[in-house]
Amino acid sequence: MRQIFLDTETTGLYPAQGHRIIEIAAVEVINRRITSQHYHVYLNPDREIDAGAQEVHGITLEFLQDKPRFADVVGEFLDFVQDSELIIHNAPFDVGFLNAELGRIEKPGIESVASGIIDTLKMAKEMRPGQRNNLDALCRHFGIDNSKRTLHGALLDAELLADVYLAMTRGQESLIIDMLDTPAHNDDNDALHIQTISQKVLLADETEVAAHQQYLQSLAKGGACIWQELQQTE
């Protein structure tokens with residue numbers, strides 16, 4: 001399974017007020033293993049950054065002046081996340097901004113590209129009701145080192161989110177069992193599925209049998225040995 005852990009930074013809180021995305025990061029995980037593949041870009045928003053937002057992520061408009069616009073990178077971004085399961089902390093926030101950016105260039109929402117979207121904030125609230133469930137709190141809870149996170153940054157946050165999610169879902173890994181090619185037998189109600197699996201039976205050799213008999217004789221010295229009685233009745 002291919003999963004993409006995604007995070008964005010923005011000029012403010014509300015896309016409906018014209019705020020824009022200024023950073024996108026996406027980290028690839030395949031079969032619960034973080035790969036070396038990731039997507040990361042800074043974007044020129046063509047507007048001011050709210051002071052409160054800049055305090056959170058530390059990204060300045062001056063730094064973004066020579067960066068591409070969203071329309072310049074949308075193709076490579078969508079190619080990277082195509083057909084993957086997107087995993088996002090507080091997904092409605094990031095999805096809202098992504099869909100606003102896509103809508104400006106007359107493209108369908110991110111839901112049309114991804115195979116699904118998981119909100120880890122919702123998951124965490126269900127697992128830890130009444131507790132703080134921001135990324136820092138979850139890192140502390142699961143023992144994940146977030147000491148480099150002095151400011152919010154999309155790439156670091158996406159990497160930390162991947163670690164958090166894998167810790168949150170530990171034990172839910174699918175167990176892959178190799179089965180024989182023989183088709184399963186179904187009963188009339190199609191409720192019971194039985195498949196015959198060949199197993200090699202290893203018989204005890206003479207030395208092991210003799211050792212077992214000696215052990216039973218030692219048990220019999222302390223009283224009746226049920227295993228010897230059973231052997232005698234066979």
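In strand S3 (33-42), the bridge partner of Ala26 is Tyr39, and Val27 likewise stands opposite His38 in S3. Strand S2 (residues 21-30) and S3 pair in the antiparallel sense over seven bridges, where two strands are said to pair if DSSP finds at least two bridges between them. Helices (H or I, at least four residues) and strands (E, at least two) are DSSP runs, numbered from the N terminus. The model is a predicted one, in which local features need pLDDT of at least 70 and side-chain atom pairs count only at pLDDT 80 or more, whereas totals for chains, interfaces and linings use all residues. Residues are numbered from 1 along each chain as its sequence is written, and side-chain values use heavy atoms, with hydrogens and water left out.

Phi of Asn31 is near 50 degrees, a positive value in a residue other than glycine. Asn31 counts as exposed, because its relative accessibility is 55%; the classes are buried, under 20% relative accessible area, exposed, over 50%, and partly exposed in between (1.4 Å probe, protein chains only). Asn90, in the loop between strand S4 and helix H4, also has a positive phi, near 65 degrees, in a residue other than glycine. With a relative accessible area of 32%, Asn90 is partly exposed.

**The sheet**

Five strands form an open sheet in the order S3-S2-S1-S4-S5, with mixed pairing. Strand S3 (33-42) and strand S5 (116-119) stand at the edges, each with a single partner strand, so one side of each is left without a neighbour in the sheet. From one strand to the next, the twist averages 25 degrees, with axes taken as lines fitted to C-alpha atoms, for helices over the stretch in contact, and angles running from 0 to 180 degrees between N-to-C directions.

| Strands | Sense and number of bridges |
|---|---|
| S2 and S3 | antiparallel, seven bridges |
| S1 and S4 | parallel, three bridges |
| S4 and S5 | parallel, four bridges |

Within S4, the bridge partner of Phe5 is Ile87, while Leu86 stands opposite Ile117 in S5. In a regular strand the side chains alternate between the two faces of the sheet. Both faces of S4 are covered, with Glu85 and Ile87 buried on one side and Leu86 and Ile88 buried on the other.

**Helices around the sheet**

Helix H3 (residues 70-81) lies across S1, S2, S3 and strand S4 (85-88), running at about 170 degrees to S3. Helix H7 packs on the sheet, touching S1, S2, S3, S4 and S5, and its direction makes about 140 degrees with that of S1; contact here means heavy atoms within 4.5 Å. In helix H6, Leu135, Ala137, Leu138 and Cys139 are buried, and what covers the buried residues of this helix includes helix H5 (120-127) and H7. Just after H6, Gly143 takes a positive phi of about 70 degrees.

**The largest pocket**

About 590 Å³ of space lies in the largest pocket. A pocket is found on a 1 Å grid over the protein atoms alone, as an open set of points where a 1.4 Å probe fits, with protein on both sides within 12 Å along at least five of seven lines; lining residues have an atom within 4 Å of a point. Grid points are joined across faces, edges and corners, and the volume is the space filled by probe spheres set on the points. The lining consists of 26 residues, of which Asp7, Glu9, Asn90, Phe93 and His152 lie nearest the centre of the pocket. The elements giving two or more residues to this lining are strand S1 (2-10), helix H1 (51-57), helix H4 (91-104), helix H6 (135-142) and helix H7 (154-168). S1 contributes the largest share, five residues. The lining divides into nine nonpolar, 10 polar and seven charged residues, where Ala, Val, Leu, Ile, Met, Phe, Trp, Tyr, Cys and Pro count as nonpolar, Asp, Glu, Lys and Arg as charged, and the others, Gly among them, as polar.

**The protein as a whole**

The protein has nine helices and seven strands, and buried residues make up 36% of its 234 residues. Of the contacts in the protein with a separation of 6 or more, 62% are accounted for by residues 24 or more positions apart.
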